[in-house]
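Dear colleague,

Please find below the structure that I am handing over to you.

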Amino acid sequence: EVSEMSEMSKQNVAHGLAWSYYVGYLKIVLPRVKKSMEEFSSGNPNLLACRKTWKLHILIPLSCDVYDDLEKADSNIQYLTDLRETTMARAGTKKRVYKHSLYAIRDEENQLWHCAVEYATPLQSLYAMSQDECAAFSREERLEQAKLFYRTLEEILQGSKQCAGTYRLIAYEQPGEVETHFLSREILWHLRQQHQEEFAVHEGTSLPTPSTTLDSAELNLQISVSDLPQPLRSDGF
């Protein structure tokens, strides 16, 4: 009965998507990111000078609005190349390929910042469910699930030793009015923070704290505890 109620209220959608994304993808690719970055940097030392940015930057728009082509999402984001791919047998598929794309992000002063960046693909499933009559997934439910997906994924990754220091989650709410370069500014904020972190380590200085992007603390304020989907197990997992 509890399982049926949970299924009817779609309580475990975000939990399942976050765990599937981690186990079926991130746990495989993230431990290899730094090595791929190091190999690329050895041949292009000026493009990835800041080692703090040698991570996979994962975009999490709470609207679940995911572009297949980042260059169409923001003209200040330009595809550069692909990092070295990883090939392995997976679930019956021989030589399944995993790879990440490297992008150049143009700032307000026309300077280029480079990083590996991609959307969290499960958000496409949440969006598709909200458009499918069979799923009966409302826009409000989609927003709540997107918030929960981010919080769940953050908790999973924070507990993963093999993924430590290999990722950067970029969760954000898009403004009501269309801003041409909103996405590039979000990414640039995170890149600048990482540059400052590396500088601070070398120089022993403190970091500024203001942020324009969302973190889990802010999301905790946006979702009431009573409204949160509850897991089926009583041990909190």
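The notes below describe what was found, beginning with the basis of the values.

The model is a predicted one, in which local features need pLDDT of at least 70 and side-chain atom pairs count only at pLDDT 80 or more, while totals for chains, interfaces and linings use all residues. Residues are numbered from 1 along each chain as its sequence is written, and side-chain values use heavy atoms, with hydrogens and water left out.

Confidence comes first. The protein chain has an average pLDDT (the predictor's confidence in each residue, from 0 to 100) of 82, and 78% of the residues score at least 70. The lowest mean, 45, belongs to helix H1 (residues 2-8), and the highest, 97, to strand E1. Two stretches stay under 50: residues 1-9, with five contacts beyond four places in sequence, and residues 206-212, with nine such contacts. Contact here means heavy atoms within 4.5 Å.

As to the fold, the protein chain has seven helices and seven strands, taken as DSSP runs (H or I of at least four residues for helices, E of at least two for strands) and numbered from the N terminus. Their order from the N terminus is α-α-β-α-β-β-β-β-β-α-α-β-α-α. Among contacts between residues at least 6 apart in sequence, 69% join residues at least 24 apart. Of the 237 residues, 43% are buried (under 20% relative accessible area, with exposed over 50% and partly exposed in between, using a 1.4 Å probe on protein chains only).

Strand E5 (residues 101-106) pairs in the antiparallel sense with strand E2 (residues 77-82) over five bridges; pairing requires that DSSP find at least two bridges between the strands. Tyr 79 has Tyr 103 in E5 as its bridge partner. E5 also pairs with strand E6 (residues 112-119), again antiparallel and over five bridges, and Arg 106 stands opposite Leu 112 in E6. The hairpin of E5 and E6 has five residues between the strands, and Asn 110 takes a positive phi near 70 degrees there.

Leaving out residues up to four places away in sequence, Ile 60 touches several residues, among them Leu 123, Phe 149 and Ile 170.

In helix H4 (residues 122-131), the buried residues are Pro 122, Leu 123, Leu 126 and Ser 130. They lie on the same side of H4 because they cover an arc of only 110 degrees around the axis, the arc being that of the directions from the helix axis to the C-beta atoms. The buried residues of H4 pack against helix H2 (13-43), strand E1 (56-61) and helix H5 (139-158).

Two buried polar residues complete the account. Thr 166 is in the loop between H5 and strand E7 (167-172) and counts as buried at 4% relative accessibility. A polar atom of its side chain lies 2.6 Å from the backbone oxygen of Cys 163. Beyond its neighbours within four places in sequence, Thr 166 is in contact with Leu 30, Val 33, Lys 34, Lys 55 and Leu 56. His 190, in helix H6 (residues 182-203), is buried with a relative accessible area of 5%.

With kind regards

Terms used
Polar contact = N/O pair within 3.5 Å; in protein donor to acceptor, adjacent residues only side chain to side chain.
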